[in-house]
Amino acid sequence: MLIELQEAKKHLVIDPDYQGDDEYIISLIDTAIDAVGLHIRQPLKEIAEEKGYLPSPLKAAVLLLVGNLYANREPVSYEEVNEIPYTYEYLLSLYLDNPSQV
């Protein structure tokens, strides 16, 4: 697995001994890995196999997406939305041939 459950739980600030959401978090990790790979048009598994590891910006993008999906389980928010610059989009733009594609 490119992102371990315990690493995601640490990112989510979830007690490592709490197991109630483990299956859900694993599904979010899988979803985020697929989404990031589709976004940059290259499977993350291929990148990790080629380099021997998953580059930090891609790992951070996956964890950001996992965090967002975990915290926002519905497609509608009733709070004000503000984009945080230099996060998900920026990290993935580093792996696109044309950064304006992001």
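Leaving aside its neighbours within four places in sequence, with which residues is Val36 in contact? In this predicted model, in which local features need pLDDT of at least 70, side-chain atom pairs count only at pLDDT 80 or more and totals for chains, interfaces and linings use all residues, Val36 is in contact (heavy atoms within 4.5 Å) with Leu44, Leu58, Ala61, Val62, Leu65, Tyr88 and Leu92. Residues are numbered from 1 along each chain as its sequence is written, and side-chain values use heavy atoms, with hydrogens and water left out.

Val36 belongs to the largest nonpolar core, which has 26 residues; such a core is a set of buried Ala, Val, Leu, Ile, Met, Phe, Trp, Tyr and Cys residues joined through side-chain atoms within 4.5 Å, where buried means under 20% relative accessible area with a 1.4 Å probe and protein chains only. The members that touch the most others are Ile3, Ile25, Val36, Leu44, Leu58 and Val62. At least two residues of this core come from each of α1 (5-11), α2 (22-40), α3 (44-51), α4 (56-71) and α5 (88-93), helices being DSSP runs of H or I with at least four residues, numbered from the N terminus.

Within α4, the buried residues are Leu58, Ala61, Val62, Leu63, Leu65, Val66, Gly67 and Tyr70, and what covers them includes α1, α2, α3 and α5.

Asp22, placed in helix α2, is buried, with a relative accessible area of 14%. Beyond its neighbours within four places in sequence, Asp22 is in contact with Leu5 and Lys9.

Key: Buried means under 20% relative accessible area, exposed over 50%, partly exposed in between (1.4 Å probe, protein chains only).
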